[in-house]
Amino acid sequence: MEAIAAWREGVPYDELGARFGFLDLAGFTGALAAGEPTAAQWAGLLSSAYHRGQWNLLRRLHADAVLRNAFPTMTHRAVRLRVDPMDGTSRQVLVHEPEDGRYEAMRVGATWAGWTEVPDDAPTAHLRAALYE
């Protein structure tokens, strides 16, 4: 909790690393410094054996030139796409594949909370609209 509080207070990354030895910030800070946190996050998810069960969905989302610009994270086997990688309150959508070729999405913070089935022929168009329109 102290590390999170320090980060939110704007403590520089090198000081965070020195104060909290369990943090490995090398890859993250390098991606931030290069202006590529989203690309680095996609690369990490697409190469992680832990997320192997979601690779098809991740690859499909990453193949879309618009969705590739959204910051991805994984939560409970769903992919969370966020417009701004550094703002957890920015527009975001969750998507998962409960069965092969069947998709469900949820716009985080929308008044219509809950999972909605997404047409399997156009999930990327649905997600683009949820994030950017």
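A nonpolar core is a set of buried Ala, Val, Leu, Ile, Met, Phe, Trp, Tyr and Cys residues joined through side-chain atoms within 4.5 Å. With that in hand, here are some close-ups of this predicted model.

**View 1. The largest nonpolar core has 19 residues.** Look for Leu-58, Leu-61, Val-79, Leu-81, Val-93 and Leu-127, which touch the most other members. At least two residues each come from helix H4 (37-47), helix H5 (55-63), strand S2 (78-82), strand S3 (92-99), strand S4 (102-107) and helix H6 (123-132). The top contributor is H5, with four residues.

**View 2. Leu-58 and its contacts.** Setting aside residues up to four places away in sequence, Leu-58 touches Trp-42, Leu-45, Leu-46, His-51, Met-74 and Val-79.

**View 3. Five strands form an open sheet.** Their order is S1-S2-S3-S4-S5, and the pairing is antiparallel. Strand S1 (71-75) and strand S5 (116-118) are the edge strands; each has a single partner strand, so one side of each lacks a neighbour in the sheet. From one strand to the next, the twist averages 30°.

**View 4. Where S4 meets S5.** These antiparallel strands are joined by three bridges. Pick out Ala-105 here: its bridge partner in S5 is Thr-116.

**View 5. Helix H4 lies across S1 and S2.** The angle at which H4 runs to S1 is about 40°.

Key: Residues numbered from 1 in each chain as written. Predicted model: local features only at pLDDT ≥ 70, side-chain atom pairs only at ≥ 80, totals over all residues. Heavy atoms only, no water. Buried < 20%, exposed > 50% of the residue type's maximum accessible area, 1.4 Å probe, protein only. Contact = heavy atoms within 4.5 Å. Pairing = 2+ DSSP bridges. Axes fitted to C-alpha atoms, helices over the stretch in contact; angles between N-to-C directions.
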